[in-house]
Amino acid sequence: MLATHGESAKLLAGGQSLVPMMAMRLVRPGWLVDINEIAVLKFVAVEKDVARTGACTRQCVVERDEALAARVPLLRQALKWVGHIQTRNRGTVGGSLAHADPCAELPLVAQVLGARMLLRSAKGARTLEAEKFFSGPMATSARPDECLEEIHWPAWSWRRTGSAFTEISVRHGDFAMVSAAAQVAIDGDGRCVRAAFGVGGAGGTPLAFPKIAARLVGTRLDDAAVSDAAHAAAAETQPGSDLHASAEYRRHLAGVLAARALREARERARSL
Amino acid sequence: MSETLHAVSVEVNGRPRSARVPARLSLVDWLREDLFLTGTHVGCEHGICGACSVMLDGQPVRACLMYVVQAHGHRVTTVEGLAKPDGSMSVLQDSFCETHGLQCGYCTPGMLIATQALLNSNPDPTEAQIRDAIGGNLCRCTGYQQIVEAVQLAAERMAKEAK
């Protein structure tokens with residue numbers, strides 16, 4: 001269908017973003033290809049260094065999966081902020097990623113963890129890292145004939161790994177003005193061995209800051225180091241302004257929330 | 001222009017229903033306009049207000065964000081399906097009356113579906129869990145407090161009945 005109809009065909013997963021956009025006539029696809037009954041697109045598989053989810057796996061399934069929460073805790077932490085029960089019962093993981101709203105929670109998790117997207121077309125399959133997958137606001141590098149099939153979420157193996165997700169929105173369940181996600185691993189002495197963090201809503205795509213995060217490795221993640229990293233990251237953002245928040249306020253939030261997420265992640269790692 | 005019609009079979013409130021529908025027909029429009037189950041309300045029609053909530057295979061979803069063809073082979077429960085078999089009100093519905101958990105009534109079907117789904121999976125919810133369960137349902141009359149009280153009262157009554 002996608003190969004035949006190209007740009008005029010749209011994949012319909014949970015429909016919690018696409019159907020409202022159609023209701024408001026913001027998109028008018030010529031063809032809708034419903035993938036909800038394709039069983040092979042719905043699964044959660046937790047392996048040694050990676051957790052795989054099928055693209056059409058419902059958000060509520062991912063949220064409740066204990067094995068997944070143990071290995072990639074950031075997913076459950078982020079899903080607590082995603083919509084409401086009614087929307088998570090239908091909404092899918094892959095749908096949220098393919099929709100690529102820069103304020104959405106799951107794309108930020110994918111960006112921060114460096115998730116890999118398995119894309120398939122009639123011609124074959126390829127894997128894209130989150131960084132290359134998200135190409136702009138509501139835009140991805142998936143070609144019109146490709147379907148997101150699986151998402152591979154890296155699972156860190158350090159015993160003392162902690163993560164956290166936080167955001168500010170007008171009402172709980174709304175899209176975030178700005179969100180932040182962090183994951184850190186520490187050794188037995190409390191020194192950081194790996195850190196990753198990012199912010200959403202502060203640019204055209206969710207942003208991760210691997211270079212700044214690398215500077216945290218070797219530190220004890222004390223408040224000053226965390227604050228420096230968060231503010232260095234905020235300085236790199238180029239948020240837009242809208243009715244709810246000015247660019248300046250969003251940049252301020254990016255620094256505050258990134259520091260908050262990093263501190264919460266650190267406390268969780270220390271408690272292990 | 002005549003549209004292609006698709007055969008669907010959906011179990012609605014325990015009763016098998018079959019129809020031939022265009023692919024673009026939303027679940028809520030089918031329930032209301034073809035099956036005359038007008039208890040489910042149409043509010044915003046883009047997934048914000050929760051007035052159209054129904055249960056799909058026992059889980060609350062928004063009926064304005066689904067097409068009937070997607071419900072093929074599934075079970076749908078509307079607010080009409082919550083009443084007792086003799087048509088009298090369920091414990092939860094009765095509790096809404098008792099605590100004045102509604103005023104204009106527009107959001108009520110969605111509230112009932114959302115909170116019945118909560119009580120089905122969690123018969124003794126905390127106030128925070130109740131508020132979380134109705135987080136996706138807008139009410140412009142009550143301020144939500146009496147709705148929370150209704151659910152608490154229903155949980156108490158159901159616990160007593162179970163004894």
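**Set-up.** The model is predicted, so I take local features at pLDDT of at least 70 and side-chain atom pairs at pLDDT 80 or more, while totals for chains, interfaces and linings use all residues.

**Helix pair.** I looked up H11(A), residues 223–236, and H12(A), residues 247–270. Helices here are DSSP runs of H or I, at least four residues, and strands are runs of E, at least two. The two pack at about 145°, axes 8 Å apart. Axes are lines fitted to C-alpha atoms over the stretch in contact, and angles run from 0 to 180 degrees between N-to-C directions. Contact means heavy atoms within 4.5 Å. H11(A) brings residues including Val226(A), Ala230(A) and Ala234(A), and H12(A) residues including Ala254(A), Gly255(A) and Ala258(A).

**Interface.** I counted 20 residues from chain B and 21 from chain A in contact. The chains bury about 1,600 Å², 54% of it on carbon and sulfur atoms. That is accessible area (1.4 Å probe) lost on being put together, summed over both parts. Leu65(B), Tyr67(B) and Gln70(B) lose the most on the chain B side, together 35% of what that side buries.

**Elements.** E3(B), E4(B) and H4(B) each supply at least two residues of the side touching chain A. E4(B) gives the largest share, four residues.

Key
Residues are numbered from 1 along each chain as its sequence is written. Chains are lettered from A and ligands numbered from 1 in the order in which they are written. Side-chain values use heavy atoms; hydrogens and water are left out. Buried area is the accessible area (1.4 Å probe) that two parts lose on being put together, summed over both.
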